[in-house]
Amino acid sequence: KRHPGPEYTSSGRPLRAMEEGAMLERMDLFFARRLDGYDEHMRRNIFGASEFYPFTAGQLPLHPGCRVLDLGCGTGLELEYYFALNPKARVTGIDISAPMLSALAAKFPDKELTLVRGSYFDVEFGTGEYDAAVSVESLHHFPFEMKVALYRKLHAALKEGGRFVLTDYFAESPEQEKAFFDELARLKREQQITDDALYHFDTPLTVAHEIEALSAAGFSEVRILNNWAATSTLLARK
């Protein structure tokens, strides 16, 4: 998820991950406070959003009754396009923000939608439950090791032949990736944050490192489907 702010590059990405002097916010509180205007911001200010949301939806299964897991579903921008293609899909959405889940539920009162409030690192997914999984602009806040563990759990949750479609913000280089993580560590030290809660700060991996994490988790085929400046769509198959 990308957040509203005053200074953006031409791709819609913030020039700075945080304004100077700003305090890190817990992830759930960050998105709860930015619900108003969130959809409009994502559509208008992130380069390629008008294309990558429908493109992502188009990579998901279209047979009625299929089961899809949405990680970090937020207000369901990708689901607006997906339900238009497959109104009989059964979707489970996981998000840490209760207000965003409420907004999502209000959008689709007539769809088979199961919503779970929590961190997708903690929620159990089950085994062989889903035909596909999707995540859009959510996973760029976490390090490699956390992603490998999450992707192993996701791999187990997919049926044989299932797919994971990931559309997200990626670092331009290993040096930029390291700089993001170094800055987050500095801010946590400076602000004396010692707990294990999730705090909002952009720490995207490079596409190569993301593919490595998915491969380490057991996905047999991982490839790039498309890209829009700093955003790319990856497909990982079980």
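This is a predicted model: local features need pLDDT of at least 70, side-chain atom pairs count only at pLDDT 80 or more; totals for chains, interfaces and linings use all residues.
Which residues have the most contacts inside the largest nonpolar core?

**View 1. The largest nonpolar core.** This core has 59 residues, and the ones with the most contacts inside it are Tyr82, Tyr120, Phe125, Tyr151, Leu154, Phe164 and Phe219. Zoom in on Phe219: leaving aside neighbours within four places in sequence, Phe219 is in contact with Tyr151, Leu154, His155, Leu158, Phe164, Leu214, Ala236, Arg237 and Lys238. Apart from this core lies another one, of six residues, including Leu187, Ile193, Tyr199 and Phe201.

**View 2. The seven-stranded sheet.** Seven strands make an open sheet with mixed pairing, and their order is S3-S2-S1-S4-S5-S7-S6. At the edges you'll find S3 and S6 (221–228); each has a single partner strand, so one side of each has no neighbour in the sheet. On average, neighbouring strands here are turned by 15° against each other, direction ignored.

**View 3. S1 next to S4.** Strands S1 (residues 67–71) and S4 (residues 130–136) run parallel and are joined by three bridges. Look for leucine 69, whose bridge partner in S4 is alanine 133.

**View 4. A β-α-β unit.** S2, helix H5 (residues 98–107) and S3 form a right-handed β-α-β unit. S2 (residues 90–95) and S3 (residues 112–117) pair in the parallel sense over six bridges, and aspartate 95 has arginine 117 as its bridge partner in S3.

**View 5. Helix H8 over the strands.** Helix H8 (residues 207–216) lies across S5 (158–169), S6 and S7 (231–237), and runs at about 20° to S7.

Technical notes
Residues are numbered from 1 along each chain as its sequence is written. Side-chain values use heavy atoms; hydrogens and water are left out. Two strands pair if DSSP finds at least two bridges between them. Helices (H or I, at least four residues) and strands (E, at least two) are DSSP runs, numbered from the N terminus. A crossover is right-handed if, with the strands pointing away from the viewer, the path from the first strand over the helix to the second runs clockwise. A nonpolar core is a set of buried Ala, Val, Leu, Ile, Met, Phe, Trp, Tyr and Cys residues joined through side-chain atoms within 4.5 Å. Buried means under 20% relative accessible area, exposed over 50%, partly exposed in between (1.4 Å probe, protein chains only). Contact means heavy atoms within 4.5 Å. Axes are lines fitted to C-alpha atoms, for helices over the stretch in contact, and angles run from 0 to 180 degrees between N-to-C directions.
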